[in-house]
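Please read them with the structure open.

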Amino acid sequence: MDTNVPKNSVHLMQTISRWRKSIWQRFVKKERQTRQPERETSMTNALLIENATIITMDPGRRVLERAHILVENGRIAAIGDRNLVGKTHAERIDAAGMVAMPGLIDTHAHAGHMLTKGLGSEAEDWMSVTGRIYATATDPEFWAAEAALSAAERIKCGTTTAALLFGGGPDIMRSEAPEAAEAHLASVAAMGVREVLAVGPNRPGQDHVYRQYTPTAHSDIVVDPDRQIDVASELVDAWAGRDERLQVVFSLPVFDEQELRDETVYRIACKVRDRARERECLLVQDGHRDGSIAANDVRLGLFDERSLLAHCIDLTEGDRAVLKRTGAKVAHNPSALMSVYGRCPAPELMADGVTVSLGTDAAAPDRPFDMFRNLFQAHRYHARHFADDAVLPPLQLLEMATIEGARALMMEHQLGSLEAGKRADILLVNMRQPHLWPPHDPVQRIARFANGADVDTTIVGGRVLMRGRRLVGQDEDAILDRALRAFDLAMARAGLGDRT
């Protein structure tokens, strides 16, 4: 990696390397120490959820009244209305007045954005500020603290699985070295949610200068996309099979037809494509639009069933034909800025047989991780376009946020519905509230009226992460305080301390 440092640079870089190794070892030890008691206090071998209205999202899309779910060893062992009281060893949750449903799956969001919310008066200003912070003001602790905050929000709004790009905004991917991503992943693991973290190179053709910190000094480095691809490959390999809740996959910038004529761009894209295919893992892209899918198909043969493409606005007939032919999946983000600039033809794509899931594009500049909000916005977005309120009915919206999300992430055999044998990722939604009353048609009430604050209980892999709106085994105030310290330090380093 090229460096851009003053005199004594060799000594400084050696110091940075030793400090990064030391701080990372201490960080991992701390996370492991805090994670073990959480598992002991918040997970049992068996859990019995009783008396719930269950939206199964199974192949029959059954809705069961006053039914039970038995969870054993992290998976759903039995589901239905038969009496399971014989399981006396199970921890019990009386879910009367609640809907039990699959955990929500957010197929497009960003790591880092939790600590850039509210910065900048408009989108372009926010992009500039975010790029400045990511490149010049962050260290592994920033990414760890932000990850814990992000996971806490997801738990509290019922998102049990999310696919996140590691960085983003103005094309700032913190993959020049593994420490930041490792800190993020360790923090997410301690929180207990599922995550697919996409890592990869910046857009080539422009110099990206990142700042790396020690307690007493810093250095500036010019980031090399080839080095970023190598780091991404190391992370994908290191996390393969390490934790069943966490995956690391590849990301690649979206290139248009003109950019793909550049030989450096072509080489970088081929390199990422080939490494993803060698490992049979997802390749995630953010920002396809207006002919870019067809162009990448012609030049690169880029897409297959493991391709997850976010936004996909103003698509051409050629774009749609490629999606249909290759099996590539779409993450539709009705709350995102790109859905203001153009339209994703989600209903038309689904009619073509394309898998379309929902993403929040969270958590900034102007949207949260609340997937319930996206259910409502997706309906209004397309109903307004067609002037037809029947577009995207409630059940189809729930499919996009559950089983179709699982399919987009190649996890439909494990997640996305409540069925015996699947991972026990379960939400209990408190329906006994004025805005969710009267108790009729739970699917419609969830899709049209619910919000993230209605989630009472969040369970991932049989582990209760939230009960009665309180995090289990986590100190929410400590998470907030840690995030604030990281935010304040990053703002000071970026010279933004006077912003309000």
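1. The expected span of a helix is 1.5 Å times one less than its number of residues. Keep that in mind for α3, residues 140-156, in this predicted model. The helix has 17 residues and reaches 25 Å from its first C-alpha to its last. That is close to the expected 24 Å.

2. Glycine 158 follows the helix, with a positive phi near 85°.

3. Most residues other than glycine have a negative phi, and most peptide bonds are trans. The next two points list exceptions.

4. Arginine 61 has a positive phi, near 50°. Its place is the loop between β1 (46-55) and β2 (63-72). Arginine 61 counts as partly exposed because its relative accessibility is 26%. Leucine 392 also has a positive phi, about 50°. This leucine sits in the loop between α11 and α12 (394-401). Leucine 392 is buried, at 2% relative accessible area.

5. Alanine 362 and alanine 363 are joined by a cis peptide bond, with omega about 15°. Alanine 363 is in the loop between β16 (356-358) and α11 (371-386). Another cis bond joins tryptophan 437 and proline 438, with omega about 10°. Proline 438 falls in the loop between β17 (426-430) and α14 (442-449).

6. How many cavities of 30 Å³ or more does the structure hold? There are 2. Among the lining residues are Pro102, Thr160, Leu415, Arg423 and Asp425.

Key
Residues numbered from 1 in each chain as written. Predicted model: local features only at pLDDT ≥ 70, side-chain atom pairs only at ≥ 80, totals over all residues. Heavy atoms only, no water. 1 Å grid on protein atoms, 1.4 Å probe; cavity = no way out; pocket = protein on both sides within 12 Å on 5 of 7 lines; lining within 4 Å. Points joined across faces, edges and corners; volume = space filled by probe spheres on them. Helix = DSSP H or I, 4+ residues; strand = E, 2+ residues; numbered from the N terminus. Buried < 20%, exposed > 50% of the residue type's maximum accessible area, 1.4 Å probe, protein only.
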